[in-house]
Amino acid sequence: MRKLIIAFLLLLCSASVFAQTADNVLVVMNEASPDSLDIGMYYAQKRGIPKSNLLRVKTTLEEVISREDYDRQIHSPVATWLMRNSAQDRILYIVLTKGIPIRINGTTGQEGNTASADSELALLYRRMVGQATPINGRISNPYFLGETPVAQAKQFSHTEQDIYLVSRLDGYNMAEIRGLIDRGAAPSKEGKILLDAQGAPSKKGDAWLEQTADLLGKMGFGARVTLETSPKVLMDTKDVLGYYSWGSNDPAIRIRHFGFGFVPGALAGMFVSSDARTFRESSDWKIEDSGFPQSLAADFIRDGITGIAGHVSEPFLEATIRPNILFPAYLSGFNLVESYYLSMPYLSWQTIVIGDPLCAPFRKTSLTPKEIDKGIDLETELPVDFSKRRLRGISVEAYNKAGIHPDTIKAILRSEVRLAKENKAGAIQALEEATARDDRIATYHLLLAQLYETIGEYDKAIERYRKLQEFVPDNALVLNNLAYALAARKNNPQEALPLAEKAYELAKGSAPVADTLGWIYHLAGQDDKALKILEGASRSAGNNADIHLHFAIVSAATGNTLAAEVAMKKALEINPKLEQSDEVKQLRSKLK
């Protein structure tokens, strides 16, 4: 009985450690892809990832995404989730699943802005803090070990690092990706390390491979290392824990599959420019084929690898994964993803890491939950490490130049947190505190006025807009919002009209501002003027349902029922919830 109790207690301890590690992983899935959802759920179940750490985004099914869509469909939803869950410090690893685009489209070259989505997302923490991160060219990876000995490397946390470690679960098909996940969950410590050089010592890559063999030898793994410096291609080896080569850039390598028997937990990499250009299987091709001249990382996933890094576009040799850091780090106890990022010189660049961050066969000790997440800073309501960086980033601009009081900044940060958690009342309270102490911060007067409107406090909103006019008398947005509040909320179109006309003149073609003016003309009984303005606004309204609805209402008022029907249909296609609004019910009645 005593043995059973001890065994049960050990199981509980093991489960709590496992759960703590899994709690540091955010899994991002594309809800437009059944495969992406399936992979995310399978991985979460396999590794004990909390359901609350599963995030669905909706993005393209293509492997390439525009910069604008990346920001809107991936970057922004992940940032919102982190803020809403106060998880900026707790989340260390972001795992993307197949179906999330791999490459952000852009210009090429060393100053280009093409990048892997994964490498760009790694900088999300830094961007949320408010630090400038240019999209052109590459950015030094602060976690890159460089010339520092592996013995001095530290497990990843946000105490020192202002990035996320991003990896993905990908491959040619579902069975192979599930196999990748299964192998990461039960890795081996045994196996050989194969290093296949070109045999050109003057080349950096070969020098790194030689350093790898030397370092592993000094660590006591020399008997497990094969360094091939002749034209011979390493093939048909069993029990392989690590592999690195020049891939198709080695003139001797003209095959895609090497007959290796990879053990679970095995890592690989290649000095190849575009080996992660796709994870979609095409027709059987050979490396010498003109259309597909380079090796593919996905071939190694098919052959049983557990972790591999590749490139979505030309990284240039100095930006590739350094094997002389990768393998010593992994065999020293760092997990799969830490090992790749320790050996990755740059971010906002071309590299993708495939594999499970929880795969750590040589791990001896782990950070405690308190070492990873120190709790919440009560003054800002942000996680402690994130809060320090956020305040540090704001201080130079706000404290030193503008002279804004530090307590004002903290109140503003509290309002941001509360808004992210959809606590409007709390956000209003914090903004009222901030603007009472420093009433020069026009942006937050505006935000406060808009929040008052959302909760129906129209008099307070109007008061704030009038206050803003003292600071920015010719601001189109302030004039527009004040005009709309006076006309639509307080039934005072006559006072609102000159404000709306001035906003329209200043905004020069803005559809929402034109909509405000047109609607106020309608409320003032000037439907001929309203129709002319709203007709123009509707042509450039895009997916703004309210503008199309306003045009429909004024069209009906002037007797053009056909235009009213078309505009109303457009508005309801964009926002079906408008069907329940009084405006649509009254419009339908009029059209009948």
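Both Y243 and F260 are buried, and that pair is a handy way into this predicted model. Ring pairs join Y243, F258, F260, F262 and F300 into a cluster.

**Aromatic pairs**

- A pair of aromatic rings is described by how far apart the centres lie and by the angle of the planes.
- Searching the whole structure turns up 15 aromatic pairs.
- Take Y125 and Y164: with ring centres 5.5 Å apart and planes at 70°, the pair counts as edge-to-face, because the angle is over 60 degrees.
- Y125 sits in helix α5 (residues 124-129) and Y164 in the loop between β7 (139-140) and β8 (165-169), so this pair ties together parts that are 39 residues apart in sequence.
- Y125 is buried at a relative accessible area of 0%, and Y164 also counts as buried, at 0% relative accessibility.
- Y243 and F260 make a tilted pair, 5.0 Å centre to centre with 50° between the planes.
- That pair links distant parts of the chain, with Y243 in strand β11 (residues 240-245) and F260 in the loop between β11 and β12 (262-270), 17 residues apart.

**Charges over rings**

- R138 lies over the face of Y346, 4.1 Å from the ring centre.
- K203 does likewise with W246, lying over the ring face at 5.3 Å from the centre.

**Helix α16**

- Helix α16 covers residues 458-471, which is 14 residues. From first C-alpha to last it reaches 20 Å, close to the 20 Å expected at 1.5 Å a residue.
- Its buried residues are A461, I462, R464, Y465 and L468.
- Looking down the axis of α16, those buried residues fall within an arc of 160°, so they line one face of the helix.
- The background here is simple: an α-helix has 3.6 residues a turn, so residues three or four places apart point the same way.
- On the face turned away from the buried side of α16 you'll find the exposed residues D459, E463 and E470.
- What covers the buried residues of α16? The cover includes α14 (424-437), α15 (442-454) and α17 (476-489).

**A three-stranded sheet**

- Three strands form an open sheet in the order β3-β5-β6, with mixed pairing.
- β3 (64-65) and β6 (115-116) stand at the edges with a single partner strand each, so one side of each has no neighbour in the sheet.
- β5 (residues 103-104) pairs with β6 in the antiparallel sense, over two bridges.
- Across that pairing, I104 stands opposite A115 in β6.

**Two buried residues**

- L123 sits in the loop between α4 (117-121) and α5.
- L123 is buried, with a relative accessible area of 0%.
- Setting aside residues up to four places away in sequence, L123 touches I139, I163, L347 and S348.
- Against P50, L123 is 73 residues away in sequence and 24 Å away in space, C-alpha to C-alpha.
- N324 belongs to helix α9 (residues 323-332).
- Is N324 buried or exposed? At a relative accessible area of 11%, N324 is buried, because the cut-off for that is under 20%.
- Beyond its neighbours within four places in sequence, N324 is in contact with W208, Q211, T212 and L215.

Definitions and conventions
Residues are numbered from 1 along each chain as its sequence is written. This is a predicted model: local features need pLDDT of at least 70, side-chain atom pairs count only at pLDDT 80 or more; totals for chains, interfaces and linings use all residues. Side-chain values use heavy atoms; hydrogens and water are left out. Helices (H or I, at least four residues) and strands (E, at least two) are DSSP runs, numbered from the N terminus. Buried means under 20% relative accessible area, exposed over 50%, partly exposed in between (1.4 Å probe, protein chains only). Contact means heavy atoms within 4.5 Å. Two strands pair if DSSP finds at least two bridges between them. The expected span of a helix is 1.5 Å times one less than its number of residues. The arc is that of the directions from the helix axis to the C-beta atoms. Rings of Phe, Tyr and Trp (its six-membered ring) pair if their centres lie within 6.5 Å; planes under 30 degrees apart count as stacked, over 60 as edge-to-face and the rest as tilted. A charge sits over a ring if NZ of Lys or CZ of Arg is within 6 Å of the ring centre and within 35 degrees of the ring normal.
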